[in-house]
Amino acid sequence: MRKILLIGLLCIGILPVISLLAAEASLAKSEESFIVKYHSEASKQLIIRQADAVMEEFEYLPMLTIKISNEQLKNLKYEGHIEFYEENQQFTLQNQFKVANLSSAELERWNLKAMDLQNSWSHGYTGKGVKIAIIDSGVANHSDLTIAGGRSFVGESYDDDHGHGTHVAGIIAGKHNGVGVAGVAPNAEVYAVKAIKSDGVGDVRVVLQAIDWAIDNHMDIINLSFGDLEYAQSLHEGIKKASEHGLLIVAASGNEGNDNGTGNTINYPARHEEVISVAAINPYFNRSSFSGTGDMNDFAAPGEEIYSTYLNGQYATYNGTSMATPHITGMLALLMEQYPYATPTELREGLRYITDDLGDAGFDALYGYGLPKFRLPNVRVVEELLKSGISAEALNKKIDSMPDSIEKLALKNERNKAEQTIIKEIDQLLGNFEKNPTGQHLNDFKALLAKLAATDVRFQKQKEVDAVIERLLEPATNAVTTFIKNKTVYNYKKAEAELNKLPSLNKKNDLEEALNEALKEFAKKAIDSLAQYEKQPTKSQYSYANFSINSLPDSSIKSELLEKLAKQVQAAVKIATTNIKAYEKVQTLKNYNKAVKTIQSVFDEKQRELLGNRIQKTVNINTAKAKTRVANYEKKKTKANLNLAMKLIRELPNGKEKQQLLKRLK
């Protein structure tokens, strides 16, 4: 007995521990962090309500970072509110700094000469007016740097406490002040967007915040000098969204390459097709042994012995594709200043036009298209074509058919400049359309968009139109969804009213079809009751069908059902009218009873009343005649007068008045 008691006490002692462990496990489970992409604003709000905590909402990215249980997450995915979800992923900067003293004049370093940047600067192209978001470890205060602004997502300050971001910033925009380091685009506006901590560790969640910030603050270029990531769908979605907003994204191909240069060793996010992937070369214009290789490499740039700004006002040399990347970012800034009307796609292609091929002839997995070098177009070639007097359509065809060259980019820039009037018309039309959407606006959009030669400008403007249409559709979509879930007359009228505000659109047609299908479900009771009345026409069946149909909202289905019901009523009215006519012609009790019986089969009160009034009119005439005959008999009681009175009275409807007349004859 004592052993049993001891075991019992031990169990009692263990239970609180087990309960505590279970509670902790449950808490840990409920606090798992996920990045989720939602389907709609309504889905977003539902997810927010069901999440244990919301860590991030994004302005432009249709995603959330939430803490939620696996079970709730799977339910939301099953119900269609979540497109995908994934756990947050971390990455680490791999480069090693080497603090260095001044080694040569600022404009004499090999990396600057390799890209013929002196040619750009001497012609006044310095990246002025171009906004670059350096998503990195921040940027430190340095005499060779001017920071236009920024934001930290891993602390209060975007000041660099690692060194990587400061080194990248110097390569892009180091001042040309005669000392230290010269940047590729010294007058570009660089923004320090801190997403990597002092230990070099970052994660996808924070990078998404940084990308969202870059979109919101109208950056032109995003520099991502990091890799070490596996595929993350959420990051890809963020990059795609930035690209859709016209931002150019430049990323390091990574330092996972091998000496032989074999295999696909490019890291994410550089692998994404929306990203310009940059490999590294050494001072001998050969691939750096560490540089990532693969078909997603786009360009190569200096990545070894790169001298640039560092922490505490110092300078450092650095090796890595992280250093090659800002060279391409800076070159893009120069092109943007030189060709301000060129589209992001045209600028990306423009890099290819100024590239020196490296390695195997043509594109290859080690160098991509090769090393871009600054070049000026042949002004004579450009001006001759622009002044040729050919039509805009012919000019566009001529430009598009030209071989790849910097002159082609210059001509596209001038063509786009000429189309700014059309773009302004589109923008003005877009504002009018949002205030008062009409089908004519859509036709005008189509005509104006067709005039734009640049494919991505046309695509971007079409996206803006589509975005407005989506905003206009949202109230109708929500109203239709509400009716589908809760079928009431009020909800139907709300959905119909919202749809009526919209011009003719394919998605409007889809919503109307969905609303109509839901209305059919709502009308099923009325449809069934009408069918039952048609099968068994009784007063109760008619009343139920009539009530059910009139309980529906005004719609084509209601009109159709009312029409069917009216046809049934009219059929009964027709029969009754025929019998009334027969009674009016031959006024016998038999014909009267037959007519009355068919009148009673007319369940529409108004119609039945009209029919009743009609037959009563004949009854009243006959009753009056009978009263006259009875009065004649009372004055002169002859058999002839009796027979005449009886003949009329006998054919009158049975009732009190008939009985009184018969009584008078007695």
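Are Y307 and Y315 buried or exposed? Y307 is buried, and Y315 is too; buried means under 20% relative accessible area and exposed over 50%, with partly exposed in between, using a 1.4 Å probe on protein chains only.

Before going on, a word on the model. It is predicted, with local features needing pLDDT of at least 70 and side-chain atom pairs counting only at pLDDT 80 or more, while totals for chains, interfaces and linings use all residues. Residues are numbered from 1 along each chain as its sequence is written, and side-chain values use heavy atoms, leaving out hydrogens and water.

Now the rings. Rings of Phe, Tyr and Trp (its six-membered ring) pair if their centres lie within 6.5 Å; planes under 30 degrees apart are stacked, over 60 edge-to-face, and the rest tilted. The count comes to 16 aromatic pairs. Y307 and Y315 have ring centres 5.4 Å apart and planes at 10°, so this pair is stacked.

Next, Y533 and F603: their centres are 6.3 Å apart and their planes at 70°, so they are edge-to-face. This pair links distant parts of the chain, 70 residues apart, with Y533 in helix α19 and F603 in the loop between α22 and α23. Helices here are DSSP runs of H or I, at least four residues, and strands are runs of E, at least two, numbered from the N terminus. Y533 and F603 are both buried.

Ring pairs also join F299, F363 and Y369 into a cluster.

Last, S152, which lies in strand β8, residues 147–152. S152 counts as buried because its relative accessibility is 10%.
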